[in-house]
Amino acid sequence: MLECQSMMEKLSPFMDMASLEIESLRRIKRSKRDEAEEEEKEESEESTTSSSSSSSNAYFGFPHLPEEPTNRDFDQSVLCRIRVRLPDGRITQRSFLKSESVQLLWSYCNSQIDESERKLFKLIQAFPGDYKTLHYGSNTTFEQSGLANSVVSVTWV
């Protein structure tokens, strides 16, 4: 029995190294597979969004909506999350850079509304006991406008 135990003690470093090597190979395979899937997804999204949302954004005069920034790509201090309540009752949220123009919020809201329901809308930021109507013509950033990390409602005009 002692021989088996000593043999296992001698083999355990090799077994640990093998498991680490296997795990690193799995990570490499996963990352390659994820990159390939992301490229396919981006290509399909570009083809669909460029044909549908770009044309509807262009129709309403909204700027192109860039890809959503993530916590992995940016420091948390430069990001803000906006929660949007749509006219049909759905609530969505999206991250924006605090330095981005507030006009991108209109593009995002327009992209969330079904094409058959699209018409002119306005955005309202509610405060306890008061509200503020947001104006599209404003060239302020999310940080300057006070919209960072707030809730906005979409209402029909």
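Residues are classed here by relative accessible area, buried meaning under 20%, exposed over 50% and partly exposed in between (1.4 Å probe, protein chains only). The structure is a predicted model, in which local features need pLDDT of at least 70 and side-chain atom pairs count only at pLDDT 80 or more, whereas totals for chains, interfaces and linings use all residues. Residues are numbered from 1 along each chain as its sequence is written, and side-chain values use heavy atoms, with hydrogens and water left out.

A search of the whole structure for salt bridges returned two, a salt bridge being a side-chain nitrogen of Lys or Arg within 4 Å of a carboxyl oxygen of Asp or Glu. In one of them, the side chains of R81 and E68 meet at 3.7 Å, N to O. This pair links distant parts of the chain, 13 residues apart, with R81 in strand 1 (residues 79-85) and E68 in the loop between helix 2 (53-60) and strand 1; helices (H or I, at least four residues) and strands (E, at least two) are DSSP runs, numbered from the N terminus. R81 is partly exposed, with a relative accessible area of 34%, and E68, at 33%, is likewise classed as partly exposed.

A salt bridge also joins the side chains of D88 and R90, at a distance of 2.9 Å, N to O. D88 is partly exposed at 41% relative accessible area, and R90 is partly exposed at 34%.

As regards backbone geometry, N149, a residue other than glycine, has a positive phi near 60°. N149 lies in the loop between helix 4 (142-145) and strand 5 (151-156), where its relative accessible area of 53% classes N149 as exposed.
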